[in-house]
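Here is a short briefing on one fold.

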Amino acid sequence: MSSPAQSSLAQRRERTAERRFPGFSQQAISFLRGLERNNRREWFQPRKPIYEEHIRTPLEQLVNAINAELAEFAPRYVTPVKKAMFRIYRDTRFSKDKRPYKTHIAATFYLQNLAKSAGPCFYFHFTSKELLIFAGVYMPEREELLGIRNLLAERHQDFRELVRARTLRNAMGELQGEQLSRVPKGFAKDHPAEDLLRRRQWFVESILDGGIVSSGRILPEIVSRFRAATPMLEFLNQPFVKQNRPRKLPFMAF
C-alpha cells in the first residue's frame, strides 16, 4: 500500500505528464475511423497531409515524452523515435489480406542494443476505439525462447513474486500468453515451473477506452503502466543483457 507521500508524488507526475502531451486531436480520431472504412490507397493519398499533421507528428512528440519518462526509471529502454514508431503501411507481400494500411498506430521500446523484433519490450498502440498498453515478450525467436525458459527454470519463484505484485496486477492484470499442452523437450515433466515453461509468451497488457487517446491522460496512463511492469521486463531481459556485454579483448583487465 502506498504512503500519502508516494500518492502525492504519483499525482504530481501525472499532472506534469498531462501538460507535456495534451493528446491526439479529434481530426486524428476521425482519420482513423475513416481509414477503417476506406482502407485503400485512393482514399489515403489525398488525406496523407492529415495523417502527417495529426498522427505522425504528435506520435513523435508522444514517443519523445515517453522516452523522457523512461530515462528516469528504465533508461535502458529509451528508444530513438524512428526506431520506436511503426510505419502505417502494411507488408502485404505474403499475406492474403491486401489492405495497404494498418488501422492502429503503434510504438515499441526495446532494451538498447537489441533488434526491434527481439527480446521483451514495452509497447502500445491505439485505434479510434481503444488504447492497448503491453509489456513482455510476444513472438520470441527460438534462441530467445530457450533463454527465457532456462531463466525461468532456475528462478521461477523470483518471477512468480514479480507477476503477483499488487502494483503490477492493479496496473496490468494477470500474466498472459499462449501455452503448450506439454513441457517442452529438455525440461523435466514434473519441474516446479512447468506451468511457466509451457508458455510461448509471457506478457501483461491493459486495454483502455479510446477516449483517453484524445486527452492529456494518454501519456500518464502509458507511463504508469510501463513503470509498474519494469521489474518483470528487467527480469525477462536478463539473458539478453548478458549476451550484449562487451567482449573482453586481450589487453583489457579482468
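Strand 1 and strand 2 pair in the antiparallel sense, over six bridges. Within this pairing, Ala-106 has His-125 of strand 2 as its bridge partner. The model is predicted.

- The open sheet has four strands in the order 1-2-3-4, with antiparallel pairing.
- Strand 1 and strand 4 (202-209) each have a single partner strand, so one side of each is left without a neighbour in the sheet.
- On average, neighbouring strands are turned by 10° against each other, direction ignored.

**Helices on the sheet**
- Helix 4 lies across strand 1 and strand 2 and runs at about 25° to strand 1.
- The buried residues of helix 2 are Ala-28, Ile-29, Phe-31, Leu-32, Gly-34 and Leu-35.
- These buried residues pack against helix 3 (41-44), helix 4 (48-73), strand 1 (105-110) and strand 2 (121-126).
- Helix 2 (residues 26-37) has 12 residues, so at 1.5 Å a residue it should span 16 Å; its end C-alpha atoms are 17 Å apart, which agrees.

**Nonpolar cores**
- The largest nonpolar core has 69 residues.
- Phe-109, Phe-122, Phe-124, Leu-131, Phe-159 and Phe-226 have the most contacts inside this core.
- Helix 9 (residues 218-236) gives the most to this core, with 11 residues.
- Not counting residues up to four places away in sequence, Phe-124 touches residues including Leu-59, Leu-62, Ile-66, Phe-109, Leu-131, Ile-222 and Phe-226.

Technical notes
Residues are numbered from 1 along each chain as its sequence is written. This is a predicted model: local features need pLDDT of at least 70, side-chain atom pairs count only at pLDDT 80 or more; totals for chains, interfaces and linings use all residues. Side-chain values use heavy atoms; hydrogens and water are left out. Helices (H or I, at least four residues) and strands (E, at least two) are DSSP runs, numbered from the N terminus. The expected span of a helix is 1.5 Å times one less than its number of residues. Buried means under 20% relative accessible area, exposed over 50%, partly exposed in between (1.4 Å probe, protein chains only). Contact means heavy atoms within 4.5 Å. Two strands pair if DSSP finds at least two bridges between them. Axes are lines fitted to C-alpha atoms, for helices over the stretch in contact, and angles run from 0 to 180 degrees between N-to-C directions. A nonpolar core is a set of buried Ala, Val, Leu, Ile, Met, Phe, Trp, Tyr and Cys residues joined through side-chain atoms within 4.5 Å.
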